[in-house]
Amino acid sequence: IVWHYSVFTYGHRGVPTHVPWVASRLSHFGVPLIGFLHEFAYPFGRRGFRGALLASTQRAALAHLYRVLDGAVVTTEDRQAWLNGRPWLPHRPTRFLPVCSNLPDLPPRTGSSAQRTPLIGVFGFGAEDYFAEPVLAAIQRLRRRNVPAQLLLIGAPGADSRPADRWRAAAAREGCVDAISFTGILEPMAIARTLEDADVIVLPDRAGPSGKKTTLAAALAIGTPVIAFDGPHRWEAMVEHEAVMVTPPDGDLLAARLETLLRSPENRAAQGQRARDFYLSCQAPDVIAAGLLNFLES
């Protein structure tokens, strides 16, 4: 049995009350049980008392489910190290496997694309760990250099949301409210086509580009150039193979990176090809499936 585990689906308001029951039921089948641990514990130090409650109860639930597992798959290398380094967890074999894109393959375009304003996309902009300020600062600096870029915030949670208000407020502080727009919530094919239309995708995640981000995997699969903020949980192989361009979360440095791509179709094409090649070799569904099968056989 492969148990795809994301802690928020097994409780109420983040408290994993259902985990012991589910773990007990699965263990009674008497067959090997592998946990595919996508999100398993909220970090300490966030959101005050509420965050401490989530972090502590989710670790207690993790200890309970870990006792019934025969092995565990995680989506980042640092999570593998974290699990193996916790003395309060029993030892279990672990394997790192990144996530793949969950968007459909795009059919070929018919006709040519018209000349338009350079388009910079942010996919998954509602994440609380995304930096808005440096991205809008970079947009404003590009406009001062006669690069009239537009920032498109793609998909959920849409324009009528608190995260959208946060991005609009950052745009207002930089004086570029007219440079920001929202797609609203889209169907998967429309998301894929929007990612393809973007000249560059920015991943402003404070953790860095990692193997757990389906939004990042989607952009790589389509072959859109990606610039990511550097962070402590970045996937080293992705950076070493230059599948993404990495920059500190600084508006001036991000603007410089963006300008090198926006002013050169050749640079964009080369960066997009590196992204696509890395995805096919390390993150495509058949690669992940083969890795999972090898882990199960071991």
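Buried means under 20% relative accessible area, exposed over 50%, and partly exposed in between, using a 1.4 Å probe and protein chains only. The model is predicted, so local features need pLDDT of at least 70 and side-chain atom pairs count only at pLDDT 80 or more, while totals for chains, interfaces and linings use all residues. Residues are numbered from 1 along each chain as its sequence is written, and side-chain values use heavy atoms, with hydrogens and water left out.

**Exercise 1. Cysteines**

Task: Decide whether Cys282 is buried, partly exposed or exposed, and find how many disulfides the structure holds.

Solution: 
- Start with the surface: Cys282 has a relative accessible area of 25%, so it is partly exposed.
- By contrast, Cys176 is at 0% relative accessibility and therefore counts as buried.
- Now look for a partner: the closest cysteine sulfur to that of Cys282 belongs to Cys100 and is 13 Å away, too far for a bond.
- A disulfide is a pair of cysteine sulfur atoms within 2.5 Å, and the structure holds 0 of them.

**Exercise 2. Helix H5**

Task: Check the span of helix H5 (residues 162-174), and work out how its buried residues are arranged around the axis.

Solution: 
- Helices are DSSP runs (H or I, at least four residues) and strands are E runs of at least two, numbered from the N terminus.
- The expected span is 1.5 Å times one less than the number of residues.
- Next, list the buried residues of H5: Ala164, Trp167, Ala170 and Ala171.
- Seen down the axis of H5, these buried residues fall within an arc of 120 degrees, so they line one face; the arc is that of the directions from the helix axis to the C-beta atoms.
- An α-helix has 3.6 residues a turn, so residues three or four places apart point the same way.
- On the other side of H5, Arg162 and Arg173 are exposed.
- Just after H5, Gly175 has a positive phi of about 75 degrees.

**Exercise 3. The core**

Task: Find which residues have the most contacts inside the largest nonpolar core, and what Leu151 is in contact with.

Solution: 
- A nonpolar core is a set of buried Ala, Val, Leu, Ile, Met, Phe, Trp, Tyr and Cys residues joined through side-chain atoms within 4.5 Å.
- The largest has 62 residues, and Ile120, Leu151, Trp167 and Leu258 have the most contacts inside it.
- Contact means heavy atoms within 4.5 Å. Leaving aside neighbours within four places in sequence, Leu151 is in contact with residues including Ile120, Val135 and Trp167.
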